[in-house]
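Student: I have a new model open. How do I read its features, one at a time?

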Amino acid sequence: MSIFVTKTFLPPKEEYQKYLDQIWESHWLTNNGPILQKLEEELKDFLNYQNFLFVSNGTIAIQLAIKALDLKGEIITTPYSYCATTTSILWENCKPVFADINEHDLNINPDLIEDKITDKTEAIIATHVYGNPCDVDKIEAIAKKHSIKVIYDAAHAFGAILRGQSVLNYGDVSTCSFHATKVFHTIEGGSVMCKNEALFEKIKLYRSFGHINDDYYTQGINGKNSEFHAAMGLANLPYLSRNIIKRKRISELYDSLLDFNKLIKPETKEADFEYNYAYYPIVFENAEITNQVIDNLKAQNIHPRRYFYPSLNRLDYVHSKDVCPVSESVVKRVLSLPLYPDLAEEDVKRICQIINKTL
């Protein structure tokens, strides 16, 4: 049997079915239905954050944030993220400007941000890579000094806690993905959170085509989600804590078995932080070893992922002249290992044996 980098968690079928029964009874499938409203309320409570919107996916969440903030110029961002982070900037007709990353956590290096700021800079979009938080204090100080906005791509960070609150609670706007591969998922889905009430109402309007009934119209897009996706979220949420505990145990087993004399594991320096164990990334000494590990694992039907690849400043369609040596090196040496709640201990041991033998 093949082992992939992740395996989507599914709740007991009967627990999802009870929401399907409600949908069949109401015939309310989408357009801000009662199940979606219930999910939003439960997530607001979970995050302790009221200005929260459930949207169709994590990419549209970033686009809504950019559009609602009326950004038109340069946005300083990370080269080390999923391509959607950069593509969203381009899609909204802004210019991504790349600041390189830290070596210890692979997040954007705040010490390099100010040198990238020009009179055209309007925002920073930083990713909490693998769910590890960015240096939110330094980034906030830079943003305030230069009167620019901060959007956090928190796609990986649901369930991660920094200083007693969700990592999603930082920044002017924070976006998240609830894709099926995430720690918490709604099959497809995402969220937007923001501190400013007027901005929140604007994003809420944009999410639903930009109109209210037949009385008011402005620009907008279809960023809504359905009752079926919300139902999966409601069925999954009670299992989040249990699944994070299981992911933690698997991660700790990796920690105990891998040979860290010849590889490193990206980690935050934050002391008051509770991780959600979204991923298990490791970075090897060089690309040759990385490729050999991939080949040896795949020969045993084990499929890790080079996550992330490539360095986004090197995407052809970006046409960037920014040089990011840390990111450009790491993408050739990084590997995310299989991690999901029911991954067998014996499989973790086998994965580690193959890696250590290759090293």
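Predicted model: local features only at pLDDT ≥ 70, side-chain atom pairs only at ≥ 80, totals over all residues.

Student: Which order do the strands of the open sheet have?

Tutor: Strands here are DSSP runs of E with at least two residues, helices are runs of H or I with at least four, and both are numbered from the N terminus. Two strands pair if DSSP finds at least two bridges between them. In this model, an open sheet of 3 strands has the order E13-E15-E17, and the pairing is antiparallel. The edge strands, each pairing on one side only, are E13 (263–264) and E17 (334–336).

Student: How many bridges join E13 to E15?

Tutor: There are 2 bridges between E13 and E15 (residues 281–284), which run antiparallel. Ile264 has Val283 in E15 as its bridge partner.

Student: Which helix lies across E15 and E17?

Tutor: Axes are lines fitted to C-alpha atoms, for helices over the stretch in contact (heavy atoms within 4.5 Å). Angles run from 0 to 180 degrees between N-to-C directions. Helix H9 (residues 287–298) lies across E15 and E17, at about 30° to E17.

Student: At what angle do H8 and H11 pack?

Tutor: H8 (residues 240–257) and H11 (residues 345–358) pack at about 35°, with axes 10 Å apart. From H8, the contact uses Ile250, Leu253, Tyr254 and Leu257. Among the H11 residues in the contact are Val348, Ile351 and Cys352.

Student: What volume does the largest pocket have?

Tutor: On a 1 Å grid over the protein atoms alone, a pocket is an open set of points where a 1.4 Å probe fits, with protein on both sides within 12 Å along at least five of seven lines. Lining residues have an atom within 4 Å of a point. Grid points are joined across faces, edges and corners, and a volume is the space filled by probe spheres set on the points. The largest pocket holds about 500 Å³. Its lining has 30 residues, with Tyr82, Ser177, Thr181, Lys182 and Tyr307 nearest the centre. H3 (58–68) gives the most to this lining, with 3 residues.

Student: Which helix gives the most to the second largest pocket's lining?

Tutor: H6 does, with 4 residues. The second largest pocket has a volume of about 360 Å³.

Methods:
Residues numbered from 1 in each chain as written. Heavy atoms only, no water.
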